[in-house]
Amino acid sequence: MKNILLIFCTILMVSCGSNSEKKKTKADFLNAVEGTWTVSEIHNITKEELTKTQKTPFIKFEEEKVSGNNGCNNYFSSINTIDEKTIKFSMFGETKMMCAEMKISDAFGSLLSKIDTYSVDKNTLTFFNSEGHKILVFTK
């Protein structure tokens, strides 16, 4: 009887341990996006137009803070929510310099406010709007 009880307890312990996965935390998701990412695609902007900016747009994640440059102006925000797929920012603030070409910076700024979800695949960070359309792509 003791042997049967011992075997049962062993099976129970092994089965409980094999089904448990570590639940990811907000810190895990923040770590996945941390660092500086350079824009490689902007919705409705051609690659040729993107190469003509004075500065290459980028985004930098540091803990729960976000900053970067949209091709003309510096911007900043913070992350309100982040999980496996969703990312929500507080309102973006930015400097108000006038550049010779504002098309890229205006498009970039407009798209930042439309980010709803994201994906990270190796060295690529992609942002999607609420309809699931790819709007911004960055590389590390």
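1. Glu 94 has a relative accessible area of 32% and is therefore partly exposed, where buried means under 20% relative accessible area, exposed over 50%, and partly exposed in between (1.4 Å probe, protein chains only). Glu 94 forms a salt bridge with Lys 96, with the closest N and O atoms 3.9 Å apart; a salt bridge is a side-chain nitrogen of Lys or Arg within 4 Å of a carboxyl oxygen of Asp or Glu. Lys 96 counts as exposed, at 73% relative accessibility.

2. On the basis of the note: the model is predicted, so local features need pLDDT of at least 70 and side-chain atom pairs count only at pLDDT 80 or more, while totals for chains, interfaces and linings use all residues. Residues are numbered from 1 along each chain as its sequence is written, and side-chain values use heavy atoms, with hydrogens and water left out.

3. How many salt bridges does a search of the whole structure find? The search finds 6. One of them joins Glu 64 to Lys 26, whose closest N and O atoms are 3.2 Å apart. Because Glu 64 lies in the loop between β2 (58–62) and β3 and Lys 26 in helix α2 (residues 26–33), this pair ties together parts that are 38 residues apart in sequence. Helices (H or I, at least four residues) and strands (E, at least two) are DSSP runs, numbered from the N terminus. Glu 64 is partly exposed at 36% relative accessibility, and Lys 26 is partly exposed at 33%.

4. Glu 41 and Lys 134 also form a salt bridge, with 3.6 Å between the closest N and O atoms. The pair links distant parts of the chain, Glu 41 being in strand β1 (residues 35–42) and Lys 134 in strand β9, 93 residues apart. Glu 41 is partly exposed, at 32% relative accessibility, and Lys 134 is partly exposed, at 43%.

5. Asn 73, in the loop between β3 (65–69) and β4, is buried, with a relative accessible area of 2%. The side chain of Asn 73 reaches two backbone nitrogens: that of Lys 96 at 3.4 Å and that of Met 97 at 2.5 Å. Not counting residues up to four places away in sequence, Asn 73 touches residues including Glu 94, Lys 96 and Met 102, contact meaning heavy atoms within 4.5 Å.

6. Ser 77 belongs to strand β4 (residues 74–82) and is buried, at 8% relative accessible area. A polar atom of the Ser 77 side chain lies 2.8 Å from the backbone oxygen of Ser 90. Leaving aside neighbours within four places in sequence, the contacts of Ser 77 include Lys 65, Phe 89 and Phe 92.

7. Aromatic rings of Phe, Tyr and Trp (its six-membered ring) pair if their centres lie within 6.5 Å; planes under 30 degrees apart count as stacked, over 60 as edge-to-face and the rest as tilted. The count by this rule is 7 pairs. Phe 108 and Phe 138 have ring centres 6.1 Å apart and planes at 80°, so they are edge-to-face. This pair links helix α4 (residues 103–112), which holds Phe 108, with strand β9 (residues 134–139), which holds Phe 138, 30 residues apart. Phe 108 is buried at 0% relative accessibility, and Phe 138 is buried at 0%.

8. Phe 127 and Phe 138 form an edge-to-face pair, 5.8 Å centre to centre with 80° between the planes. Ring pairs link a cluster whose members include Phe 61, Tyr 75, Phe 127 and Phe 138.

Notes:
A polar contact is a pair of N or O atoms within 3.5 Å; within protein, one must be able to donate a hydrogen and the other to accept it, and residues adjacent in sequence count only if both atoms are side-chain atoms.
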